[in-house]
Amino acid sequence: ETRLQGASDDDDRLDTLWIVGDDPEPGPSPAPAGLGGTLPVGTRLAEFEITGLIGQGGFGIVYRAHDHSLGRDVAIKEFMPLSLAVRGDDGLSVRVRSHANAEVFGSALRSFMNEARLLAQFDHPSLVKVFRFWEVGGTACMAMPLYRGMTLWRGLEAGIVDLSETGLKGLLAPLLEAIETIHAAGVYHRDISPDNILILADGRPLLLDFGAARQIIGDGTQNITSILKPGYAPIEQYAGDSTLRQGPWTDIYALAAVLHFVIMGVKPEPSVGRMLRDSSRPLAESAKGRFSEAFLQAIDHGFSLMPEARPRSVAEFRLALGITPGTVPLPVTGGAAFEPPGPERGAERKGIASRPASAGRKRALAVAVPALIVAVLAGAFVALRPAGDKTVAPSVETPAPAVLQSPTAAAKPVDLLEQIYLHREAEHTVTVLPDRTLVRINKDRLRFGIRSDRGGYLYVFMVGTDGQHLYMLFPNELDKENRMTPGVDLSLPRRGWAMEASGPPGTNHFVAVVADQPRELSAAGLVRVPPFAELPLSALGDGARLPGRVRCDKADSCSEGYGAASFSIEETDVQSARP
């Protein structure tokens with residue numbers, strides 16, 4: 001029988017931030033005024049109204065709130081380190097307890113804001129999504145979705161986690177993708193544990209709180225072991241020695257320690273204890289016969305005590321584990337009672353606006369007039385026009401050209417977009433930073449900057465809110481020069497054209513690809529939708545890699561490799577909304 005010991009021993013974990021499925025009536029409790037410094041129900045924070053208390057820990061308070069602008073319930077996380085700060089006399093603001101705490105509080109607050117800023121840039125299904133963050137009353141808040149599920153630790157207790165090798169690989173695959181995503185941005189989680197992995201109702205894992213702010217608070221005010229999670233934190237997080245540098249291997253150790261706990265049912269020995277006397281047995285011995293030797297050896301490699309002995313990257317760790325990029329997480333098993341996803345969850349993963357099956361498949365196509373082109377893309381109406389033009393062109397309604405189906409008829413454009421991203425080369429880093437992740441229809445323009453650590457050729461693909469079409473947004477008929485210089489930002493749209501949010505409300509999904517070699521896409525069956533092009537599903541085939549044929553002068557120098565970044569921009573018709 002698997003034993004679960006000591007997984008949840010951090011009193012500062014905000015377990016109830018995430019609505020737990022084994023609660024017969026999941027939901028927040030009321031937040032009475034003044035309880036532990038919490039804000040009372042009815043408090044307004046920007047467009048959000050607090051409706052309940054979800055959880056409180058040593059580093060922050062999480063509320064349930066209603067977004068009056070977009071008409072949805074969200075979670076609001078307020079930075080409130082109880083060891084450093086108290087609620088002000090007005091009951092709303094936050095102030096440090098003493099002047100001696102000011103420097104540490106300021107550093108931790110900046111770390112909290114940096115974490116929110118980074119998470120707001122990411123759009124990965126296994127990373128917490130940040131809708132918005134802002135400073136208020138001497139502290140800061142971030143607004144996030146209300147996720148429904150249970151922590152990995154509780155999931156193991158409930159018996160809903162598939163403990164076979166196939167099941168664990170299905171769980172690991174999206175987590176590795178999420179960790180790799182933040183590593184590509186130069187960020188390390190530093191707080192991976194069974195309590196910081198949420199299993200959602202659809203079986204998808206979600207990586208929770210980063211440890212940066214609490215690390216700063218711990219370094220400044222209290223013993224380091226009260227901040228780190230013994231058993232999961234590697235030795236370099238305890239050490240003040242700069243020779244033990246933190247890096248991707250830091251999160252790899254923590255994830256390997258989580259796997260130790262999942263497989264053996266007992267929390268691993270703390271790394272500081274292992275430095276003195278390492279009594280831990282390799283999984284290749286203790287779990288022999290239950291899993292493949294290669295899988296267990298890979299975990300043992302990641303659990304190596306010294307940083308230099310571990311895999312140097314997530315890509316290396318994934319390869320050793322025998323996980324193929326793009327593996328889909330398996331559904332949970334067992335009889336755990338998860339709360340069914342609410343109405344807002346149906347299209348959350350892909351951002352697709354549902355449409356009745358009987359709806360006619362029509363789309364407004366572009367009408368070209370002097371100095372103006374309006375392109376309506378896949379239900380996400382993005383007006384493209386020469387910069388500075390203020391006129392509005394009429395559009396006509398005409399049947400869309402037939403889209404050829406790939407051999408996998410059930411495939412959807414948004415799935416293929418994700419597959420293009422998942423087949424990227426992990427060592428080729430591409431970074432995208434949108435000007436705004438939330439734009440107002442008929443008010444704001446869509447702009448984003450792209451950078452690649454290697455030279456190549458840029459291609460930007462998009463799926464709009466109806467989820468029916470896959471477009472190549474760039475290069476296009478107005479801007480064909482797509483050569484990228486390594487380390488140099490390329491901003492789109494460039495001078496001479498612009499994109500404006502034109503509705504309807506929803507989320508536009510993008511993948512920016514920087515290919516080693518230019519692609520010949522005409523043979524892939526492109527349908528011209530001036531100034532853009534639509535890709536049929538058959539263009540990607542079963543492999544769902546980047547479409548088209550590589551163009552190169554010498555056969556021996558041809559490369560089909562590419563780097564990629566995924567991002568999204570939401571359009572709203574609420575005129576007061578801000579990104």
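Reply: Happy to! A word on terms to begin with: pLDDT is the predictor's confidence in each residue, from 0 to 100, and a contact means heavy atoms within 4.5 Å. This is a predicted model, and the chain has a mean pLDDT of 73, with 71% of its residues at 70 or more.

Now to the helices. Helix H9, residues 293–302, has the highest mean pLDDT among the elements of the chain, at 96, while strand E14 (residues 368–369) has the lowest, at 24. The packing partner of H9 is helix H10, residues 314–321, and the two axes come within 8 Å and cross at roughly 150°. Angles over 145 degrees count as roughly antiparallel, and H9 and H10 are therefore roughly antiparallel to each other.

Which residues meet there? On the H9 side they are Ala294, Phe295, Ala298, Ile299, His301 and Gly302, and they meet Glu316, Phe317, Ala320 and Leu321 in H10. Sorted by class, this contact has seven nonpolar, two polar and one charged residues.

For a look elsewhere in the chain, there is an open sheet of three strands in the order E18-E20-E24, paired antiparallel. Strands E18 (430–434) and E24 (490–492) are at its edges with a single partner strand each, so one side of each has no neighbour in the sheet. From one strand to the next, the twist averages 20°. Strand E20 (residues 448–452) is joined to E24 by three bridges, and Gly449 has Ser491 in E24 as its bridge partner.

Conventions: Residues are numbered from 1 along each chain as its sequence is written. This is a predicted model: local features need pLDDT of at least 70, side-chain atom pairs count only at pLDDT 80 or more; totals for chains, interfaces and linings use all residues. Side-chain values use heavy atoms; hydrogens and water are left out. Helices (H or I, at least four residues) and strands (E, at least two) are DSSP runs, numbered from the N terminus. Two strands pair if DSSP finds at least two bridges between them. Axes are lines fitted to C-alpha atoms, for helices over the stretch in contact, and angles run from 0 to 180 degrees between N-to-C directions. Angles under 35 degrees count as roughly parallel, over 145 as roughly antiparallel, 65 to 115 as roughly perpendicular and the rest as oblique. Ala, Val, Leu, Ile, Met, Phe, Trp, Tyr, Cys and Pro count as nonpolar, Asp, Glu, Lys and Arg as charged, and the others, Gly among them, as polar.
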